[in-house]
Structures are given as structure tokens and as C-alpha cells.
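Have a look at the sequence and the model first, and then we can walk through a few features together.

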Amino acid sequence: MASEKDAALAAVPNDNPTIFDKIIKKEIPSTVVYEDEKVLAFRDINPQAPTHIVIIPKVKDGLTGLSKAEERHVEILGCLLYAAKVIAKQEGLEDGYRIVINDGPSGCQSVYHIHVHLLGGRQMNWPPG
């Protein structure tokens, strides 16, 4: 299996459906922990912490990464962060958690459908990676 860095460097942004599009359509199974009309959240299959949840918008609308955000994306970006807060509480992360958004190859982004990683359940270190 390729490392996350290798996967990010090999990933190419395009208009093809991503693994996240397939998860939204239930074509690929996932362990869903939260869902509303705009957001879907599921457990990461390669967790980097005891709690590692990926939060995605159900409609990509050209928002492949944070660097592609436009004013029209302000609402969904807020929904993603608010969902992270709700999920953190649901998961019992009262002591704290980390939110990560990888952007571009150097940011280790391997799926070009914006997503938020919610990490918790252990002490995080600083600086990260």
C-alpha cells in the first residue's frame, strides 16, 4: 500500500467521481456517524487517532480543495466545521480534538473532494507532520 504522501503526489484533480462521491451514493460502504441534508461523516478506514472521522459535503460544487473555495462556498464550509463540532461532542471528545484540511499535493491531499478530518481520543502533538 502506498503511503499517504505517495497517494497525494499521485492524485490528479479531475471531474471523475471520487471515492467520496461513491460513498455518498452508497456504492462503497462506510461507517456513517453523522448525516444531514448537506454533510456526510464516516469513520476513516486508515485512522490516525482513536477517533478519526472524515466529514464531506454531499454536493462538491467545484470545491475540490480549500484553495478552490469561492464566496458561494462559505455556507458549506461553515456546515462542515459545525458538523465537526457536533460530531466531536457525539464522540465524547470533551478534552479536545484536531481538525485537519489537507490541500494540494504538498498538503498531502489525496482525494479532490474537500473534506475535514476530525481527529481525537489521544494527545495531539505540535507541530503536526
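Where is Leu66 found? Leu66 sits in the loop between β3 (51-57) and α3 (74-90); helices (H or I, at least four residues) and strands (E, at least two) are DSSP runs, numbered from the N terminus. This is a predicted model, in which local features need pLDDT of at least 70, side-chain atom pairs count only at pLDDT 80 or more, and totals for chains, interfaces and linings use all residues. Residues are numbered from 1 along each chain as its sequence is written, and side-chain values use heavy atoms, with hydrogens and water left out.

**Surface**
- Leu66 counts as partly exposed because its relative accessibility is 38%, where buried means under 20% relative accessible area, exposed over 50%, and partly exposed in between (1.4 Å probe, protein chains only).

**Cysteines**
- Cys79 is partly exposed, at 24% relative accessible area.
- Cys108 is also partly exposed, at 25%.
- Zero disulfides turn up in a search of the whole structure, a disulfide being a pair of cysteine sulfur atoms within 2.5 Å.

**Strand pairing**
- Strands β1 (residues 32-35) and β2 (residues 39-43) run antiparallel and are joined by three bridges; two strands pair if DSSP finds at least two bridges between them.
- A hairpin of three residues links β1 to β2.
- Glu35 stands opposite Leu40 in β2.

**Annotated span**
- An unreviewed UniProt entry places the feature "domain: HIT" at residues 19-129; such annotations may be inferred rather than shown by experiment.
- Residues 19-129 are 21% helix and 23% strand, and their end C-alpha atoms lie 24 Å apart.
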